[in-house]
Amino acid sequence: GFNVAVAGATGAVGVEMVKTLEKRNFPVKNLKLLASARSAGKTMKFKGEDVVIEEMTHDSFKGVDIALFSAGGDISREYRPFVVESGAVMIDNSSAFRMDDDVPLVVPEVNAEDIKLHKGVIANPNCTTAIMLVAVAPLHRAKGLRRIVAATYQAASGAGAKGMHELIVQAREVLDGKAVNPVAFAHQIAFNLIPHIDAFKENGYTKEELKMLNESRKMLHLPELLVSCTCVRIPVLRAHSEALNLEFENDITPEEARAIIEAAPGVQLVDDPADKRYPMPLDATEKYDVLCGRIRQDISRNDKRGLDIFVSGDQVLKGAALNAVQIAELL
Ligand code: HSE
């Protein structure tokens, strides 16, 4: 078994990392739960036992084989040298190292082979990108992807447990006719949507949108891939959805795409016109697989190289905790 540490164990993703290690029966010899001083001394259950949460210090990683980090970019940057020095492999959920040349950025269903290039750090991608690529990568392998145009419908959980809490509390406040006071989000999220996520860059795109561009190029090994997107926060609790317009080098029919998605790992075809059953965030919640459907030919083109698809995936699982544990399984 492995000595595993979870850094940021009390956050929305950290809690799910611990649960996923248990559910997938990861061979854990010893589990260290690390958090800020505020949570130290509390306990969390793992395989029926209480594990005491420790305050994370630079010395916490002695004897650790695998460190799952979900503690924010600044903390990841601060701790990286101590984790690597101790001989542990750091699987980091922040955006701190994702675009570094010496750090593989990995979704196992997409580019598992990149893991072996690691020098102590492996990055977990942005959730929206991970969910998108699980569905898009098998289509790319068959037909050669040229361009993605995406609109996202991102859940409150993308802003952590405080985002989910704010959505619930705010919905009640609005129904009770009280004033709302947005903190986790830039504007009221209950009964609304916000058409921007994270900070803006000079070109009018947001950081979240540019992550989808840059991380997709890196993971698909397609430096020329064209990606444009609009990332939108909606009042859903924890699964992200995305409407994707895809352009390929070769012709692709919806029937071919359905067969490819059906055979692909990590993705489940939900595309049933008879029952009007398509991917929805409530159905994707707490599922390992990303749901994919609404597959149709893009009729704006006069060729067969365009497809429209819709995906929904649990943002905390495939978008974060599950993907990190899957990377650990491949080590
Ligand atoms: N940035 C994402 C969001 C979360 O805000 O939805 C995880 O990548």
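View 1. The space in the second largest pocket is about 310 Å³. The model is predicted: local features need pLDDT of at least 70, side-chain atom pairs count only at pLDDT 80 or more, and totals for chains, interfaces and linings use all residues. Residues are numbered from 1 along each chain as its sequence is written, and side-chain values use heavy atoms, without hydrogens and water.

A pocket is an open set of points on a 1 Å grid over the protein atoms alone, where a 1.4 Å probe fits, with protein on both sides within 12 Å along at least five of seven lines; lining residues have an atom within 4 Å of a point. A volume is the space filled by probe spheres set on the points, which are joined across faces, edges and corners. Helices (H or I, at least four residues) and strands (E, at least two) are DSSP runs, numbered from the N terminus.

**View 2. The largest pocket.** The volume of the largest pocket is about 930 Å³. Among its 33 lining residues, Asn93, Ser157, Gly158, Ala159 and Gly160 lie nearest its centre. Helices H1 (12–23), H5 (161–175), H6 (207–220) and H9 (317–330) each supply at least two lining residues.

**View 3. His221.** His221 lies in the loop between H6 and strand E9 (226–230). Its phi is near 55°, a positive value in a residue other than glycine.

**View 4. Arg294.** Arg294, in strand E12 (residues 290–297), has a positive phi of about 50°.
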